[in-house]
Amino acid sequence: METMEIDSPTPSSGEETKAIVVILMGLPGSGKSTFCDHVMRSSSRPWARICQNMLLQVFDEMSQRVSSDLVGFITLLRLFDLSLTLLHHDTINNGKSGTKLQCLSSATSALKEGKSVLIDRCNINKEQRVDFLKLGGTKVEKHAVVLDFPAKLCISRSVKRTGHEGNLQGGKAAAVVNQMVPKKELPKLTEGFARITFCQDEKDVKESINVYGLLGPLDSLPSGCFGNKNSDTKTQLGIMKFLKKVEPSSNAGSEPTISQKLIPNEISPGKDSGLQGTKKASDLTGVAHKKLEEAAAASDNIPTLAFPSISTSDFQFNLEKASDIIVEKVEEFVGKIGKAKLVLVDLSHKSKILSLVKTKAEQKNIDSHKFSTFVGDITRLRSQKGLHCNVIANAANWRLKPGGSELDIATKEKADCLSPGNALVVPLPSSSPLFTREGVTHVIHVLGPNMNPQRPDCLKDDYVHGSELLRKAYTSLFEGFSSIVKSGTEVHSTNDDHKLKREAAYEFDMNKKYKGCEKDPQPGLSDFRDVRKIPDEKVSLETTKTWGSWAQALYNIAMHPENHTNVVLETLDDVVVMNDAYPKAKRHILVLARANGLDSIADVHREHISLLKSMHDVGFKWAQKFLNEDKSLSFFRLGYHSAPSMRQLHLHVISQDFDSGHLKNKKHWNSFNTPFFIDSVDVIKELDEVGKVTLKNDKFLSMELRCHRCKSVHPNVPRLKAHISSCQASFPAALLQNGRLVSSEDNTNFCE
DNA sequence: GTTCTAGAAC
DNA sequence: GTTCTAGAAC
């Protein structure tokens with residue numbers, strides 16, 4: 001162990017030394033112990049590793065919530081059992097294990113001896129970390145190192161380390177990890193950390209080991225957040241893909257990500273400056289702090305959306321009417337977006353729409369801190385006017401000015417298929433000037449209605465329809481912004497993986513299909529969806545076929561059930577019942593609507609409630625019939641796919657065994673076991689209350705594979721299927737409510 | 001070598 | 001929606 005410099009405080013006066021407490025955070029199997037080992041092995045600084053083994057952590061946690069129910073008790077026993085099998089791993093010779101209290105006391109002693117401390121326990125949420133943040137008082141810096149790997153990976157690692165004795169243990173390791181996943185809560189500077197390092201791949205971990213391993217007894221590290229954080233399991237797949245594609249060069253030069261500065265209280269000076277060698281690190285501390293302060297002062301950390309008035313220029317929407325709608329929608333949304341702000345932007349001081357909106361907003365007493373009007377070029381608000389807006393809206397009928405070309409590259413594919421009233425959120429690549437120069441992290445493309453006879457799809461003077469579409473456009477826009485705000489202004493990787501960007505783009509679209517001002521589609525055209533394409537220069541109409549020829553089968557059956565007696569089970573006036581050609585469970589049937597023009601749930605409105613109720617009743621009746629015939633089926637669900645592959649509105653009635661050779665991939669599973677599947681009862685309720693159905697994004701289709709009963713995560717479809725064949729856990733509470741799950745005892749949820 | 005995924009074609 | 005298949009993962 002190194003001796004202290006002469007001018008340094010003596011080790012016994014622990015509070016005066018530069019000791020730090022590094023709180024590791026990660027699921028079992030994320031590599032916390034390995035991290036500690038490496039740091040301690042290479043460090044000249046005295047370290048103590050405080051390790052609380054899994055067993056006691058689990059008990060600690062369980063004892064914090066007095067769980068009297070049987071399930072809790074059984075889980076406890078299971079975890080206890082597993083913990084014994086993991087014990088050998090997480091307790092090493094010089095690690096100190098015990099209860100959380102013992103950990104705290106060991107850590108306190110170590111600090112008094114002048115040692116820095118590594119807290120090697122999962123520390124998965126704020127509650128678990130809070131006591132460790134008090135260690136050594138305010139003079140001891142607390143750091144967090146987050147080993148943020150997907151649950152799937154941690155499970156497979158845990159399985160391996162316990163694994164040689166067979167699958168059983170692996171399964172239990174999965175149970176423990178799964179138990180923790182929902183509780184995961186990433187650390188924030190506001191909890192009291194001086195520095196947080198997020199690691200998402202081995203390279204990040206290695207860099208972080210170097211940083212701490214090379215930290216001499218008197219060195220300190222810059223404060224702030226380092227590395228990218230992945231807030232949510234939903235992006236894990238994308239991250240995993242991304243990690244595989246990272247070029248060594250692109251990682252070596254990770255740039256400061258401006259978007260990180262947008263996270264309130266979490267200002268990052270960027271990875272590089274944070275991961276310098278030790279000697280430089282201490283020199284840099286002062287500079288880094290200064291930069292941080294500057295950044296904090298310069299950037300208003302409140303998420304802000306700058307948006308132009310939609311449809312009022314080239315599309316000639318009446319300004320009075322438009323301003324009413326803007327104010328109405330702004331008023332509706334200011335209450336829904338927390339601290340975030342909305343700014344209506346126009347180029348000229350003479351802008352009529354700006355003054356109209358301004359006056360009306362004042363009349364309505366809309367909080368001027370949350371909504372304002374602003375004159376400027378929306379693509380240069382920060383560089384020219386010092387107004388920092390992290391999200392800007394692009395009314396999709398006009399081009400973002402020169403410099404917008406880079407935007408086109410990133411967003412073209414998606415923005416091309418916007419229909420009026422809808423919006424598309426596109427995260428910007430970090431290479432984009434809008435990102436680097438203006439600090440814009442997302443662009444939301446939005447298309448409004450056209451009232452200009454010189455432009456395609458003119459609504460003429462139909463302001464009933466026009467106003468409806470303009471309201472919808474603002475709703476889509478603000479909902480898109482709201483989702484960005486809620487996602488915590490996610491930090492996007494600096495990697496220019498367009499596929500990743502494409503996956504990240506999502507559409508705010510309550511009704512994908514646009515039925516324009518033209519007369520109803522001719523029968524021959526009814527096979528096609530009307531999708532307007534917006535080329536770079538001008539708006540033009542282009543009819544794009546989106547239902548492939550293979551997607552017509554249900555439509556044909558609904559129209560002519562008499563020609564398909566081999567699959568049709570029942571034909572009624574308004575519905576046809578048929579066997580699914582590729583059943584994903586022992587029993588899987590479809591109830592088709594016979595109405596022409598109802599392609600999917602997106603086309604359904606309040607007037608279709610009675611049809612949907614009768615579809616539900618017919619489906620329910622068949623489910624009961626199947627349950628009576630075969631008690632082992634136990635449960636059914638009735639619901640719709642948010643974005644079905646096959647045309648013609650159809651209700652799935654499916655037994656919950658999912659025991660079928662046709663269930664082959666992630667999409668199959670997730671289309672029935674994520675919010676992509678909307679229960680029939682919820683559809684009817686929402687239609688009744690709101691008049692439309694909120695569709696779920698198809699990102700759910702690529703989410704990790706979770707058991708529909710116990711919610712455990714599984715690495716691939718075969719493993720998932722093996723698990724569900726024996727999982728007897730009760731269904732999640734939400735499914736047991738409101739008649740979502742139909743069982744043989746249940747004969748009460750007919751729709752009246 | 002085998003298993004599994006995911007994208008293209010239909 | 002499925003099938004086919006390259007190539008990644010194991």
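Helix α25, spanning residues 717-724, has four residues tucked away from solvent: Val 717, Leu 720, His 723 and Ile 724 are its buried ones. Looking down the axis of α25, you'd find these buried residues within an arc of 120 degrees, so they line one face of the helix. Keep in mind that this is a predicted model. Here's a quick tour, starting with that helix and then moving out to the rest of chain A.

**What sits over α25**
- The cover on the buried residues of α25 includes a helix, α23 (666-673).
- Two strands also belong to that cover, namely β20 (705-706) and β21 (713-714).

**The chain overall**
- Chain A is built with 26 helices and 22 strands.
- It runs to 752 residues, and 55% of them count as buried.
- Take the contacts in chain A between residues at least 6 apart in sequence: 75% of these join residues at least 24 apart.

**Where α14 meets α15**
- Helix α14 covers residues 319-334 and helix α15 covers residues 352-363; their axes come within 9 Å and cross at roughly 45 degrees.
- As for handedness, α14 passes α15 in a right-handed crossing.
- On the α14 side, the residues that meet α15 are Leu 319, Glu 320, Ala 322, Ser 323, Asp 324, Ile 326 and Val 327.
- On the α15 side, the partners are Lys 352, Ile 353, Leu 356, Val 357, Lys 360 and Ala 361.
- Sorted by class, this contact of α14 with α15 brings together eight nonpolar residues, one polar residue and four charged residues.

- As background, most residues other than glycine have a negative phi.
- You'll find Asn 365 in the loop between α15 and β9 (371-375).
- Is Asn 365 buried or exposed? Asn 365 is exposed, and its relative accessible area is 68%.
- Phe 658 also has a positive phi, here near 50 degrees, and Phe 658 isn't a glycine either.
- Phe 658 lies in the loop between β18 (650-655) and α23, and α23 is one of the elements covering the buried residues of α25.
- Is Phe 658 buried or exposed? Phe 658 is buried, with a relative accessible area of 1%.

Terms used: Residues numbered from 1 in each chain as written. Chains lettered and ligands numbered in written order. Predicted model: local features only at pLDDT ≥ 70, side-chain atom pairs only at ≥ 80, totals over all residues. Heavy atoms only, no water. Axes fitted to C-alpha atoms, helices over the stretch in contact; angles between N-to-C directions. Left-handed = near helix turned anticlockwise from the far one by under 90°. Contact = heavy atoms within 4.5 Å. Nonpolar A, V, L, I, M, F, W, Y, C, P; charged D, E, K, R; others polar. Buried < 20%, exposed > 50% of the residue type's maximum accessible area, 1.4 Å probe, protein only. Arc of directions from axis to C-beta.
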